[in-house]
Amino acid sequence: VSKVNDFSLRYVHPNAQYWFGTDSNGKSLFDSVWFGARNSILIAVIATFLNVVIGVLVGAVWGIPKTFDMIMMEINIISNIPALLVVIVLTYSLGAGFWNMIFAMTVTGWIGIAYTIRIQIMRYRDLEYNLASRTLGTPTAKIVVKNIMPQLVSVIVTMASQLLPGFISYEAFL
């Protein structure tokens, strides 16, 4: 049944059926907002996931050996460039597109996460139980995965929850 000429659906106030009400054509405003926001949310979720995974992996490796630390501190200089500027330049040079936007957000977004994870791992790696575990011959990777990373779950979740709205803003801006 067509509702094209059903004038009773125009400008309906928000209710249980139409959460945001309806427009001049009788279409649900919530459906329109959700349709428009789904790409922004999907891009932000994928970019956040990739940044967190890369950042945690690199940060976990970065926090243990001293030789890798010097190399990564030089790469960390890139984080002084504003992230939005990097995203703007990359999306302009690569062209607009779903995966290009995600790539642009992921190129430098993981560096801050990796640096934070590095600091947290350096904070926990020299605690007594980790030193005792290392003395008993436990491999470094096992110490990081079993002893240190479970303590960083709250830090990782907090960083992810801060990245998500930022990426939504980037996508909306661009």
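Modeller: Buried residues make up 33% of the 174 residues in the chain, where buried means under 20% relative accessible area, exposed over 50%, and partly exposed in between (1.4 Å probe, protein chains only). This is a predicted model, in which local features need pLDDT of at least 70 and side-chain atom pairs count only at pLDDT 80 or more, while totals for chains, interfaces and linings use all residues. Residues are numbered from 1 along each chain as its sequence is written, and side-chain values use heavy atoms, with hydrogens and water left out.

Colleague: How many helices and strands are there in the chain?

Modeller: The chain has eight helices and zero strands. Helices (H or I, at least four residues) and strands (E, at least two) are DSSP runs, numbered from the N terminus.

Colleague: How does the radius of gyration of the chain stand against that of a compact globule?

Modeller: A compact globule of 174 residues would have a radius near 16 Å, but the chain has 23 Å. The radius is taken over C-alpha atoms, and the globule rule is 2.2 Å times the number of residues to the power 0.38. Along its principal axes, the C-alpha trace spans about 80 × 40 × 20 Å.

Colleague: Why is the pair of Trp19 and Phe30 called tilted?

Modeller: Rings of Phe, Tyr and Trp (its six-membered ring) pair if their centres lie within 6.5 Å; planes under 30 degrees apart count as stacked, over 60 as edge-to-face and the rest as tilted. The structure holds five aromatic pairs. The centres of Trp19 and Phe30 are 4.8 Å apart and their planes stand at 50°, so this pair is tilted. Trp19 lies in the segment before α1 (29–62) and Phe30 in helix α1, so the pair ties together parts that are 11 residues apart in sequence.

Colleague: What makes Trp19 exposed, and what makes Phe30 partly exposed?

Modeller: Trp19 has a relative accessible area of 54% and is therefore exposed. Phe30, with 26%, is therefore partly exposed. Ring pairs also link Trp19, Phe20 and Phe30 into a cluster.

Colleague: What is the geometry of the aromatic pair formed by Phe167 and Tyr170?

Modeller: This pair is edge-to-face, at 5.9 Å centre to centre and with 65° between the planes. Phe167 and Tyr170 are three residues apart in helix α8 (residues 153–173), so about one helical turn separates them. Phe167 and Tyr170 are both buried.

Colleague: Is Asp69 buried or exposed, and which side chain does a polar contact join to that of Asp69?

Modeller: Asp69, found in helix α2 (residues 66–75), has a relative accessible area of 16% and therefore counts as buried. A polar contact of 2.7 Å joins its side chain to that of Arg118. The criterion is a pair of N or O atoms within 3.5 Å; within protein, one must be able to donate a hydrogen and the other to accept it, and residues adjacent in sequence count only if both atoms are side-chain atoms. Not counting residues up to four places away in sequence, Asp69 touches Trp62 and Arg118, contact meaning heavy atoms within 4.5 Å.

Colleague: Which residues touch the most other members of the largest nonpolar core?

Modeller: They are Met105, Ile117, Ile121 and Leu152, in a core of 28 residues. A nonpolar core is a set of buried Ala, Val, Leu, Ile, Met, Phe, Trp, Tyr and Cys residues joined through side-chain atoms within 4.5 Å. The elements giving two or more residues to this core are α1, α3 (83–94), α4 (98–107), α5 (109–125), α7 (140–148) and α8. Beyond its neighbours within four places in sequence, Ile117 is in contact with residues including Gly55, Leu152 and Met159. A second, separate core of five residues includes Trp62, Met72, Trp110 and Ala114.

Colleague: Why is Asn130 called buried?

Modeller: Its relative accessible area is 0%, so Asn130 counts as buried. Asn130 is found in helix α6 (residues 128–135).

Colleague: What makes Tyr11 count as exposed?

Modeller: Tyr11 has 57% relative accessibility and therefore counts as exposed. Tyr11 is found in the segment before α1, and its phi is near 50°, a positive value in a residue other than glycine.
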